[in-house]
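Dear colleague,

Please find below the structure for your attention.

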Amino acid sequence: MPPFAASILFYVFVFWALRRMERGEERLGLDVWIPTAWIILIGTKSLAYWIAGPALQQALFVEDTGPPYDAIAFFGLIFLGLIALSRKPVDWRTLFAENPILVAFYAYLFISVFWSDYPFVAFKRYVKEVGNLVMILVMLVQPNSVASIRRGFLRCTMIFIPISILLIKYYGEIGRYYNPWTGEVGLCGATTSKNELGRLAMWSFMFLVWHLQACPRHKSIGRWLWANCHYLFVAGMCVWLLLKANSATSLGCFLAGLLLFLALRGRGKILVPKLMIAGVAGFLVLSLLFFTVPEIRGEIATHFGRHSDLTERTDVWAGCLNAGTNPIIGEGFFSFWMTARGFQLGEVLRVTEAHNGYLETYLNTGIIGVALLIGVILHAARNVKRLVIAGSPLGVLFTVMLWIALIYNNTEAAYNDNNIIGFIFLLVAIRRSSNESPSIHITSESEQFSTAASYDPA
């Protein structure tokens, strides 16, 4: 099929799927499009790439180079988000009181900017990180916060999953890339690398499964299949992209998340409250063992067709631990790889991250930062437990996404890195109380769910 004809076909499908998704839904207002645009920015190729084209591909591998399109877009969305929040009755004192560990963590991240070798660059990155919080709050303060979360993520899924396949199949100069160090060809679709493509497909599939399990059942399986055929088709695209991306981390998280969805279906109120806090604490201990015991690492890696060194990640971890950073306070927020030793290590090992979210946090903010991050993780686990007990439709989804974030950060760095996994983790962690009780309403026309539930009815 000629690329032009394929483009018409794919864009017609995207338009039809979005129209079908929105049909019969309540109107949420324009504010919801602000975090939707943010998710698009952090989940796909940079705005500079889309505007300037493939010629800018190589330059965009280097941070803070190229035209300032992305900076303008990020700061513009933060400004719009703050305006949206100013029009809502937010009790900031209560919000801060309910999330003390998050407040402490982000206060410490701000302080760490001042001992960075490049404080201005670190500050800009910190502002973008705080922008994640602004976008999340914009979704949470909506009258129907569950619907705003669902629609925001599903809109991105229904757009960029089909477009990724289109780019890979028919526009190879955009949908494929050359590794800047090895020269190998990889698939990236609407993202910048195979790992990001796998990440996009993985979280998109999880939101689709969450939505589909809440859709009404019919006496006729054919009617249910037709009512949700657009979601099922895109879910199949997600699986295809996961397999083609060859990202072991995303594939492992996909399998773990899907199994957890199946295990919790209909039993979330029983299983999650009893296992959440102890399970998360135990997983953090196992993560430490995974990081430090080669035998355990090797056994897990072989199940996913990888070498016991996890594609040379163990060399990266050893190099990072021996880099001579300040063990107490680190090198400053998001600053390690800008230092002379970080840059030299990156050139030798051909990396720009530690491939471990906990180690990356240690390099930038030291033991203090890691301790605060663990506190945020436990706070998120308690928040998920409250949601499940209260019967919120977000309970099972947030349980799955929290575990995915914990697993993902064992071999990739996604905390405080302005990416979609870190964004979802913060969404799970922030608590906003309300006295409303959850109630799910299924629309008769489009057979999709919406809810008048608040974020946390506990």
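**Packing of two helices**

H18 and H20 are oblique to each other, because their axes cross at roughly 60 degrees, and angles from 65 to 115 would be needed for roughly perpendicular. The axes of H18 and H20 come within 8 Å. Please bear in mind that this is a predicted model.

Where do H18 and H20 meet? On the H18 side, the residues are Leu373, Val376, Ile377, His379, Ala380, Asn383 and Val384. On the H20 side, they are Phe425, Val428 and Ala429. The residues of this contact comprise eight nonpolar and two polar ones, with no charged residue.

**The protein as a whole**

The protein has 458 residues, of which 55% are buried. Its secondary structure consists of 20 helices and four strands. Among contacts between residues at least 6 apart in sequence, 76% join residues at least 24 apart.

**Aromatic pairs**

With ring centres within 6.5 Å taken as the criterion, the count comes to 20 aromatic pairs. In one of them, the ring centres of phenylalanine 13 and phenylalanine 233 are 5.3 Å apart. The planes of these two rings stand at 80 degrees, so the pair is edge-to-face, the cut-off for that class being over 60 degrees. Phenylalanine 13 belongs to helix H1 (residues 3-22) and phenylalanine 233 to helix H12 (residues 229-245), so that the pair links parts of the chain 220 residues apart.

Are these two residues buried or exposed? Phenylalanine 13 has a relative accessibility of 15% and therefore counts as buried, the limit being under 20%. Phenylalanine 233, at 49%, counts as partly exposed.

A further pair is formed by phenylalanine 153 and phenylalanine 423, with ring centres 6.2 Å apart. Their planes are at 55 degrees, so this pair is tilted. This pair also links distant parts of the chain: phenylalanine 153 is in helix H8 (residues 145-170) and phenylalanine 423 in helix H20 (residues 420-429), 270 residues apart. Both phenylalanine 153 and phenylalanine 423 are buried.

**Charged groups over rings**

Which charged side chains lie over the face of an aromatic ring? Lysine 45 is placed over the face of tyrosine 49, at 4.6 Å from the ring centre. Arginine 155 is placed over the face of tryptophan 33, and here the distance to the ring centre is 4.0 Å.

**Positive phi angles in two loops**

Asparagine 246 is not a glycine, yet has a positive phi of about 60 degrees. This asparagine lies in the loop between H12 and helix H13 (248-264). Asparagine 246 counts as partly exposed because its relative accessibility is 45%.

Arginine 350, likewise not a glycine, has a positive phi of about 60 degrees. Arginine 350 is located in the loop between helix H17 (340-349) and helix H18 (357-390). With a relative accessibility of 38%, arginine 350 also counts as partly exposed.

Yours sincerely

Notes:
Residues are numbered from 1 along each chain as its sequence is written. This is a predicted model: local features need pLDDT of at least 70, side-chain atom pairs count only at pLDDT 80 or more; totals for chains, interfaces and linings use all residues. Side-chain values use heavy atoms; hydrogens and water are left out. Rings of Phe, Tyr and Trp (its six-membered ring) pair if their centres lie within 6.5 Å; planes under 30 degrees apart count as stacked, over 60 as edge-to-face and the rest as tilted. Buried means under 20% relative accessible area, exposed over 50%, partly exposed in between (1.4 Å probe, protein chains only). A charge sits over a ring if NZ of Lys or CZ of Arg is within 6 Å of the ring centre and within 35 degrees of the ring normal. Axes are lines fitted to C-alpha atoms, for helices over the stretch in contact, and angles run from 0 to 180 degrees between N-to-C directions. Angles under 35 degrees count as roughly parallel, over 145 as roughly antiparallel, 65 to 115 as roughly perpendicular and the rest as oblique. Contact means heavy atoms within 4.5 Å. Ala, Val, Leu, Ile, Met, Phe, Trp, Tyr, Cys and Pro count as nonpolar, Asp, Glu, Lys and Arg as charged, and the others, Gly among them, as polar.
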